[in-house]
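Subject: Structure handover

Hello,

Here is the structure I said I would pass on. Please open it next to this email as you read.

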Amino acid sequence: YMEVMDRELAHTNIGKSFTLKKQETNPPHRNEHGTSDSDSDVDSGTADADVAPVDIDLNLVTNLLESYSSQAGMAGPASNLLQSMGVHLPDNTDRSEEH
């Protein structure tokens, strides 16, 4: 299911809206057979060398704060979700966006 969705979304610009994880320079992890994990991906044809992983945590926080900010102090989904988790954010006092 995920492979089909990835192929479908590959032809859109939706991927450009996500923050990606920084590429690691660590060598591939060796499994118990002495081959690297990336070798098995290449053999199975499932390797996506040009697709970087999405930083889910950073994207979640960014989108949640953008949603909260767009509520302009009013009730909305972001503030309701945060309050249900016991998080109470202060009002935005940054006036740089207004000028």
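Below are the findings, from the whole chain down to single residues.

**Overall**

Please keep in mind that this is a predicted model. The chain holds 4 helices and 0 strands. Read from the N terminus, the order of elements is α-α-α-α. Of its 99 residues, 10% count as buried. The chain exposes about 8800 Å². Carbon and sulfur atoms supply 55% of that area. Take the contacts between residues at least 6 apart in sequence: 44% of them join residues at least 24 apart.

**The nonpolar surface patch**

Which residues make up the nonpolar patch on the surface? They are Tyr1, Met2, Met5, Leu9, Ile14, Phe18, Leu20, Val54 and Ile56. Together they have about 890 Å² of accessible area. Helix H1, residues 2-9, gives the most to the patch, with 3 residues.

Two members sit in loops. Ile14 is in the loop between H1 and helix H2 (37-44). Its relative accessibility is 41%, so Ile14 counts as partly exposed. Val54 is in the loop between H2 and H3. Val54 is also partly exposed, because its relative accessible area is 31%.

Beyond neighbours up to four places away in sequence, Val54 touches Phe18, Thr19, Leu20, Lys21 and Asn59. Phe18 and Leu20 are also members of the nonpolar patch, as is Val54.

Pro53 lies in the loop between H2 and H3 as well. With a relative accessible area of 43%, Pro53 is partly exposed. The C-alpha atoms of Pro53 and Lys22 are separated by 8.4 Å, and the two residues are 31 apart along the chain. Once neighbours within four places in sequence are set aside, Pro53 is in contact with Leu20, Lys21 and Gln23. Leu20 and Lys21 are among the residues that Val54 touches, too.

**The loop between H3 and H4**

Next comes the loop between helix H3 (56-70) and helix H4 (77-84), where Gln71 is found. Is Gln71 buried or exposed? Its relative accessibility is 10%, so Gln71 counts as buried. The cut-off for that label is under 20%. The side chain of Gln71 makes a polar contact with the side chain of Ser79, at 2.9 Å. Apart from neighbours within four places in sequence, Gln71 is in contact with Gly76, Pro77, Ala78 and Ser79.

Ala72 is in this loop too. Its relative accessible area is 63%, so Ala72 is exposed. Please check its backbone: phi is near 55°, a positive value in a residue other than glycine.

**Ser79 and helix H4**

Ser79, the polar partner of Gln71, lies in helix H4. At 7% relative accessibility, Ser79 counts as buried. Which backbone oxygen does the side chain of Ser79 reach? The answer is that of Gly76, at 3.1 Å. Leaving out residues up to four places away in sequence, Ser79 touches Tyr68, Gln71 and Met74.

Now the helix as a whole. In H4, Ala78, Ser79 and Leu82 are buried. Why do they sit on the same side of H4? The reason is that they cover an arc of only 95° around the axis. The general rule behind this is that an α-helix has 3.6 residues a turn, so residues three or four places apart point the same way. On the other side of H4, Pro77 and Ser84 are exposed. The buried residues of H4 pack against H3.

Just after H4, Gly86 takes a positive phi of about 85°.

**Places to open first**

- The side-chain pair Gln71 and Ser79, at 2.9 Å.
- The phi of Ala72, near 55°.
- The nonpolar patch, with about 890 Å² of accessible area together.

Best regards

Definitions and conventions. Residues numbered from 1 in each chain as written. Predicted model: local features only at pLDDT ≥ 70, side-chain atom pairs only at ≥ 80, totals over all residues. Heavy atoms only, no water. Buried < 20%, exposed > 50% of the residue type's maximum accessible area, 1.4 Å probe, protein only. Polar contact = N/O pair within 3.5 Å; in protein donor to acceptor, adjacent residues only side chain to side chain. Contact = heavy atoms within 4.5 Å. Patch = residues over 30% accessible without salt bridge, like charges linked within 9 Å, V, L, I, M, F, W, Y side chains within 5 Å. Areas by Shrake-Rupley, 256 points an atom, 1.4 Å probe, with all protein chains shown as cover. Salt bridge = Lys/Arg side-chain N within 4 Å of Asp/Glu carboxyl O. Arc of directions from axis to C-beta.
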